[in-house]
Amino acid sequence: MSTAPGRQPSVIGALWRSTHPGPSVVVTTVAVVLGLATGLEPWRIVVLGLAILAGQLSVGISNDAIDAPRDIANARRDKPIARGDVSVRVAWAAASVCLVVGLALSLVLGWRMALAHLVALASAWAYNAGLKKTALSVVPFVVSFGLLPSLVTLSAQPPALAAGWAWVAGAALGVAIHLTNVLPDLEDDARTGVRGLPHRLGGRISAVLAASALAIGAVAVLIGPGAAPSALAITVFAAIVLIAVTGLVLALARPPGRWVFRLVMLAALLLCVQLAATGQALAA
Ligand SMILES: CC(C)=CCC/C(C)=C/CC/C(C)=C/COP(=O)(O)OP(=O)(O)O
């Protein structure tokens with residue numbers, strides 16, 4: 001979003017744009033929807049949503065604060081810190097406050113939930129702090145997204161870890177998101193020495209693996225709960241597989257770009273519907 005000439009952008013607006021608002025809102029929405037589906041009490045859903053949102057804001061803002069020198073070198077006009085709309089110091093302060101608020105709210109839901117959220121956030125911050133430049137760049141996505149269903153089930157009374165198949169679905173979603181999110185930035189990243197797993201694999205292999213991960217996640221949710229799947233579950237499963245196959249074929253036919261990420265986001269959304277449809281079975 002650009003600012004009209006002569007108008008000072010607000011610091012809050014600039015911070016919000018640094019949070020990676022799309023993914024932050026999506027992850028929060030997934031947690032809230034799963035909370036509703038598993039029958040959490042309303043106050044727990046509100047606290048869970050705020051805790052996850054605050055954690056996501058801390059991850060997004062710290063990512064831009066750490067990347068500021070690189071984004072300035074790449075003249076990224078979409079990055080508020082690189083544009084000078086907000087200082088790195090203010091961004092760090094905001095990221096720290098959001099981190100503390102996210103963990104404090106998690107504690108309200110119980111120490112197990114707070115501990116799991118701490119691990120998920122530490123893994124995401126480790127990505128920002130340097131893992132993104134290594135062949136292990138996918139690991140934080142496997143860990144954090146693998147834990148996401150458990151952040152919901154551990155917020156219940158009594159708290160429980162999520163079922164194994166829900167961990168698989170979350171981790172598969174994380175792999176697909178990571179492998180496709182960086183596709184549009186491959187060239188910028190190469191210029192500034194960022195060589196995560198997708199950069200090493202190349203766009204095409206990354207897109208193929210992302211589509212395969214989505215299909216694996218969908219199969220895990222379909223057969224994991226053990227009971228005969230409902231008509232809705234089968235329909236959503238078929239839609240995810242169709243999107244995954246479309247992504248696969250298109251990625252093989254032409255160089256993958258932002259559209260692959262959009263397809264993955266659509267399939268990710270459907271995977272969440274599929275997860276939510278399992279309701280109480282989500283807890284181990
Ligand atoms: C449940 C939970 C805590 C999930 C979060 C997991 C996780 C690893 C998040 C990292 C998010 C992030 C800011 C990616 C973009 O960074 P980038 O620097 O690769 O891309 P950019 O150029 O868009 O900033």
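Apart from neighbours within four places in sequence, S206 is in contact (heavy atoms within 4.5 Å) with L179, L183, P198 and L201. S206 lies in helix α11, which covers residues 203–223; helices (H or I, at least four residues) and strands (E, at least two) are DSSP runs, numbered from the N terminus. The relative accessible area of S206 is 0%, and S206 is therefore buried. Buried means under 20% relative accessible area, exposed means over 50%, and partly exposed lies in between, with a 1.4 Å probe and protein chains only. The C-alpha atoms of S206 and D188 are 17 Å apart, and 18 residues separate the two along the chain.

The structure is a predicted model, in which local features need pLDDT of at least 70 and side-chain atom pairs count only at pLDDT 80 or more, while totals for chains, interfaces and linings use all residues. Residues are numbered from 1 along each chain as its sequence is written, and side-chain values use heavy atoms, with hydrogens and water left out.

The secondary structure of the protein chain consists of 13 helices and zero strands. Of the 284 residues of the chain, 49% count as buried. The C-alpha trace spans about 60 × 50 × 35 Å along its principal axes. A compact globule with 284 residues would have a radius of gyration near 19 Å, and the value of 19 Å for the protein chain agrees with this. The radius is taken over C-alpha atoms, and the globule rule is 2.2 Å times the number of residues to the power 0.38. Among contacts between residues at least 6 apart in sequence, 75% join residues at least 24 apart.

Two helix pairs that involve α3 were examined. The axes of helix α3 (residues 42–73) and helix α6 (residues 111–129) come within 9 Å and cross at roughly 15 degrees. Axes are lines fitted to C-alpha atoms, for helices over the stretch in contact, and angles run from 0 to 180 degrees between N-to-C directions. Helices α3 and α6 are therefore roughly parallel to each other. Angles under 35 degrees count as roughly parallel, over 145 as roughly antiparallel, 65 to 115 as roughly perpendicular and the rest as oblique. The contact of these helices includes L48, A51 and I52 of α3 and M113, H117 and L121 of α6. By class, this contact of α3 with α6 has 11 nonpolar, six polar and no charged residues. Ala, Val, Leu, Ile, Met, Phe, Trp, Tyr, Cys and Pro count as nonpolar, Asp, Glu, Lys and Arg as charged, and the others, Gly among them, as polar.

Helix α1 (residues 11–18) packs with α3 at an angle of about 95 degrees, the axes being 8 Å apart. Helices α1 and α3 are therefore roughly perpendicular to each other. Their contact is made by L15, W16 and S18 of α1 together with L57, G60, I61 and D64 of α3. Four of the residues in this contact of α1 with α3 are nonpolar, two are polar and one is charged.

Two further residues were considered. T28, in helix α2 (residues 21–37), is buried, with a relative accessible area of 10%. Beyond its neighbours within four places in sequence, T28 is in contact with G49, I52, L53 and Q56. V168 belongs to helix α8 (residues 164–181) and counts as partly exposed, at 38% relative accessibility. Neighbours within four places in sequence aside, V168 is in contact with I216 and A220. The C-alpha atoms of V168 and V219 are separated by 9.8 Å, although the two are 51 residues apart along the chain.
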